[in-house]
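We will go from stop to stop, selecting a few residues each time.

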Amino acid sequence: MCIDVIVVGLGFGADFAPIYQAHPDVGRVAVVDADPARTAAVADRLGITERFASLDEALAAPGWDAVHLLTPVRFHAEQVLQVLGSGRHCASAVPMATTLTDLDALISAQEDAQRNYMMMETAVYSREFFHAAQLLETGKLGRLTYFKGDHLQNLDGYPDYWRGYPPMHYVTHALSPALALAGTRVESVRCVGSSRLTPDHIGVAGEGFGTEAALFKLAGDDLVANVTMSFFQLGRSYLEGFSVYGDEGALEWPQLEGGPMKEFRMAPLAQNQRGRAVSEFDVEPTGAPELLPAALREFTNGGHGGSHPHLVHEFVSSIVEDRQPRVDPRTAATWTAPGICAHESALQGGTEIQVPDYGARK
Ligand SMILES: NC(=O)c1ccc[n+]([C@@H]2O[C@H](COP(=O)([O-])OP(=O)(O)OC[C@H]3O[C@@H](n4cnc5c(N)ncnc54)[C@H](O)[C@@H]3O)[C@@H](O)[C@H]2O)c1
């Protein structure tokens, strides 16, 4: 079975169109962007002849099995509903949505439509995540005991729709690795805002804080994920990653992006010794290109930890194999809602907020 895919939004989307073109289970690829000049430039470069001027026009065309949305965040919820409503499968860039009401609406829409929805979370297909999962599986971390996550990115100069954006509404990259590794959800969150946005940073997306720091209490155990998100007013270079700790070892994201990850292993306590010895070494994770069709492996050299071809392969395979994708709507909501609740907690001065249980598959 071969499926035909429409890629919508050709900023980040320009990285994904060629991966669909190379996928052995994809037939035709079309592109859409609200900016005709961008559509023409990307389509010409990639040799794509099928182009649409808008999502409406694309969905009115007969055929086409699936749509991958890479449009600005404010369109995600309504466009996913539109795509599922048209009877197509839908992949969407993160976040799934920015309100709990929209998360519920998307879960219901997917269940009614019986078409696949996948949130394209890069963090859980990165080479660093594959390495962490392998350390956990092979017992090198021991029992999970703590997580850290950071996403610090200066958004000055980005399109205007980012101005005022609550950092915690974008928490999935920093938090989902912890939830995926622990196989659980967030039960409750306490979050505080740091650095009220100055007037020049306030905009259509909000008027809260430049930085938000949250403690997410995970369900089913006494684990905590400590996550810092910052988009404005933090004089620091880009950092987007996670660290995972167990009672026997740890994997830590580098302080400077691009630097080597550090792995830690604890030795047994020696006699008359205070504190267990810990060895530390650099690791350069390789990812898992063997999980991909041969034609997609070269794309693991791309951004976000080589995750893009894995995301495409999982979305396409889930359709071809007639099964739910790994990041299905309930999993996506489980990873997105904690950030929505965290921002609410920050607005309330740090009160504890319970996070809904979406019953995600383990
Ligand atoms: N690691 C990640 O998962 C990751 C990384 C980067 C971006 N993203 C997400 O991908 C999405 C796109 O990000 P970007 O940086 O390319 O944004 P961008 O604003 O740079 O580009 C968005 C593109 O979509 C087009 N567009 C806007 N509205 C549209 C509409 N209604 N219909 C069709 N096209 C429309 C714009 O013309 C533009 O070309 C965002 O949701 C962002 O959050 C995710």
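This is a predicted model. Start by selecting Phe16. Phe16 is buried, at 1% relative accessibility. Phe12 is partly exposed, at 32%. The two ring centres sit 5.0 Å apart. Their planes meet at 85°, so Phe12 and Phe16 make an edge-to-face pair.

Next, select Phe52 and Trp64. Here the ring centres are 6.1 Å apart and the planes stand at 85°, so this pair is edge-to-face too. Phe52 belongs to strand E3, while Trp64 is in the loop between helix H3 (55–60) and strand E4 (66–69). The pair therefore ties together parts that are 12 residues apart in sequence. Are these two residues buried or exposed? Both Phe52 and Trp64 are buried.

Arg28 lies over the face of Trp64, 4.0 Å from the ring centre. Arg28 is partly exposed, with a relative accessible area of 33%.

Which residue forms a salt bridge with Arg28? Select Glu50: its closest O atom is 3.2 Å from the closest N atom of Arg28. Arg28 is in strand E2 (residues 26–32), and Glu50 is in the loop between helix H2 (36–46) and strand E3 (51–52). Glu50 is partly exposed, at 27% relative accessibility.

Move on to Arg190 and Glu352. They form a salt bridge, with the closest N and O atoms 3.4 Å apart. The link joins distant parts of the chain, 162 residues apart. Arg190 is in strand E8 (residues 186–196). Glu352 is in the loop between helix H10 (329–347) and strand E15 (353–354). Both ends are partly exposed: Arg190 at 48%, Glu352 at 39%.

Now pick Arg323 and Glu314. Their salt bridge has its closest N and O atoms 3.0 Å apart. Arg323 is partly exposed, at 29% relative accessibility. Glu314 is buried, at 13%.

Salt bridges with shared partners join Asp4, Arg28 and Glu50 into one network. How many salt bridges are there in total? The count is 14.

Two stops remain. Select Tyr161, Trp162, Tyr165, Tyr170 and Phe231, which form one aromatic cluster. The whole structure holds 12 aromatic pairs. Finally, select Arg326 and Tyr125. Arg326 lies over the face of Tyr125, at 4.8 Å from the ring centre.

How values were computed:
Residues numbered from 1 in each chain as written. Predicted model: local features only at pLDDT ≥ 70, side-chain atom pairs only at ≥ 80, totals over all residues. Heavy atoms only, no water. Salt bridge = Lys/Arg side-chain N within 4 Å of Asp/Glu carboxyl O. Helix = DSSP H or I, 4+ residues; strand = E, 2+ residues; numbered from the N terminus. Buried < 20%, exposed > 50% of the residue type's maximum accessible area, 1.4 Å probe, protein only. Phe/Tyr/Trp six-rings, centres within 6.5 Å; stacked < 30°, edge-to-face > 60°. Lys NZ or Arg CZ within 6 Å of the ring centre and 35° of its normal.
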